[in-house]
Amino acid sequence: MTMRGDRPARMRVVAIADADSFVKWAAALIDSAPSVDPHLLLVQTPLVVSLAQEHAALAGTGIRPEAVTRVDHDEIADWLSRDRPDVVVIGGRGPFVRLVMRQIDRVAPRPVVVSGMPGMSIPAQRGAALYRRHCDLMVVHSRREQRAFTQLAERLGLTLRLGLATLPFARAAGEAGGGTDLVFAAQAIVPREAAERAQLADILRAAALADPTRRVVVKLRSRPELGETETHFERTELTDLLRDRPDNLVFSHEPMSRALETAEGLVTVSSTAAIEAMAMGVPVIALDTFGVSKTHLNTVFAGSGVQGGADDVIARRFRHPT
């Protein structure tokens with residue numbers, strides 16, 4: 001490896017991302033790689049993270065503020081040409097990946113390009129494969145995803161080189177802390193329908209009323225009132241549905257890893273936070289009240305031993321995976 005100015009002769013890895021979940025995944029991925037010189041390039045799109053979201057996404061990583069740069073989309077190629085990274089990791093939705101690839105194609109020498117998904121990718125989606133087919137490597141989190149995307153690529157006639165890693169922010173942290181919070185990992189589009197989201201709000205409200213001495217913490221990822229966005233658009237906001245709530249039902253924007261430190265258990269429909277909780281030894285309920293389907297992104301939990309209904313949430317009957 002050659003020296004680049006006064007930088008050490010380590011592999012230079014730059015992650016390019018915009019939206020909150022992709023920033024968290026890409027930053028954690030490059031931070032977990034040994035003996036690399038990491039940098040995070042945040043592209044100014046309508047989904048780009050705010051400074052507060054950036055700090056939450058980088059919590060627990062060793063990426064310093066000076067290793068983060070914000071650029072416009074049309075500045076990417078020039079920035080990469082000056083920096084000359086060995087590897088670029090693209091963290092973004094499919095169209096974002098394709099547009100960034102066009103910028104990278106202008107860079108000489110061209111770096112190795114890696115892409116991936118920030119959450120569990122079961123079932124494998126056609127769009128995820130098509131938009132990432134020109135990347136040199138697509139990182140998946142499990143052997144199950146590896147099999148699914150291999151089969152999908154064969155059906156579509158694509159050449160898709162897959163790399164197997166694990167969710168980089170699912171890091172074992174010893175024994176669970178023995179907290180008392182019920183932490184709910186909110187999602188913008190799961191469930192999607194307004195009536196289902198209203199039902200979800202009622203479940204959380206009932207869980208809080210069932211035991212006023214313990215908190216129900218709704219873990220949110222954006223503050224729309226501050227102009228913050230996230231990867232998906234939330235049409236029916238839980239914050240609106242929970243304006244009338246007991247005092248022990250609270251909202252939180254802290255990093256998920258910090259919220260789990262005071263958790264008795266985690267509830268979600270299909271958030272990857274379930275895996276993050278399991279890695280920390282925190283029990284989980286994967287709420288199946290709205291069904292188990294591709295639409296709800298929760299078929300991955302079938303047979304896991306962690307699925308449960310509204311009554312389980314209200315009674316806090318958390319469980320560990322089989």
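Helices and strands here are DSSP runs, numbered from the N terminus: helices are H or I with at least four residues, strands are E with at least two.

Some ground rules. This is a predicted model, and residues are numbered from 1 along each chain as its sequence is written. Local features need pLDDT of at least 70, side-chain atom pairs count only at pLDDT 80 or more, totals for chains, interfaces and linings use all residues, and side-chain values use heavy atoms, with hydrogens and water left out.

Back to P109. A cis peptide bond joins A108 to P109, with omega about -5 degrees. There is also a cis bond from I122 to P123, with omega near 0 degrees. P123 sits in the loop between β5 and α5. Why mention these? Most residues other than glycine have a negative phi, and most peptide bonds are trans.

Next, the strands. Two strands pair if DSSP finds at least two bridges between them. β5 (residues 112-116) and β6 (residues 137-140) pair in the parallel sense, over three bridges. V114 stands opposite L137 of β6. β6 also pairs with β7 (residues 162-164), again parallel, over three bridges. There, V140 has L164 of β7 as its bridge partner.

What links these strands? β5, helix α5 (residues 126-131) and β6 make a right-handed β-α-β unit. β6, helix α6 (residues 143-156) and β7 make a right-handed unit as well. Right-handed means this: with the strands pointing away from the viewer, the path from the first strand over the helix to the second runs clockwise.

Now the cores. A nonpolar core is a set of buried Ala, Val, Leu, Ile, Met, Phe, Trp, Tyr and Cys residues joined through side-chain atoms within 4.5 Å. Buried means under 20% relative accessible area, exposed means over 50%, and partly exposed is in between, with a 1.4 Å probe and protein chains only. The largest nonpolar core has 33 residues. Those with the most contacts inside it are M138, F149, L160, V183, M256, L260 and L266. Several elements each supply at least two residues, among them α5, β6, β8 (181-185) and β11 (263-268). Which element gives the most to this core? That is α6, with four residues.

Look at M256. Contact means heavy atoms within 4.5 Å. Not counting residues up to four places away in sequence, M256 touches K24, V183, A185, K219, L266, A273 and E276. There is also a second, separate core of 27 residues, which includes A27, V36, L167 and F169.

On to helix α2 (residues 51-58). Q53, E54, A57 and L58 are buried there. Why do they share a side of α2? They cover an arc of only 130 degrees around the axis, so they fall on the same side. That arc is taken from the directions from the helix axis to the C-beta atoms. The buried residues of α2 pack against α1 (20-32), β2 (36-43) and β3 (68-71). Just after α2 comes G60, with a positive phi of about 90 degrees.

Two arginines have a positive phi too. R84 has phi near 55 degrees. R84 lies in the loop between α3 (76-83) and β4 (87-91). Is R84 buried or partly exposed? R84 is partly exposed, at 43% relative accessible area. R316 has a positive phi of about 60 degrees, although it is not a glycine. R316 is found in the segment after α11 (310-314). At 7% relative accessibility, R316 counts as buried.

Last, two single residues. S252 is in strand β10 (residues 249-252). S252 is buried, with a relative accessible area of 9%. The S252 side chain reaches the backbone nitrogen of E254 at 3.3 Å. That is a polar contact: a pair of N or O atoms within 3.5 Å, where within protein one must be able to donate a hydrogen and the other to accept it, and residues adjacent in sequence count only if both atoms are side-chain atoms. Leaving aside neighbours within four places in sequence, S252 is in contact with V217, V218, K219 and L220.

A274 is in helix α10. A274 is buried, at 0% relative accessible area. With neighbours within four places in sequence left aside, A274 contacts L266, T268, V284 and F301. The C-alpha atoms of A274 and V306 are separated by 9.5 Å, and these residues are 32 apart along the chain.
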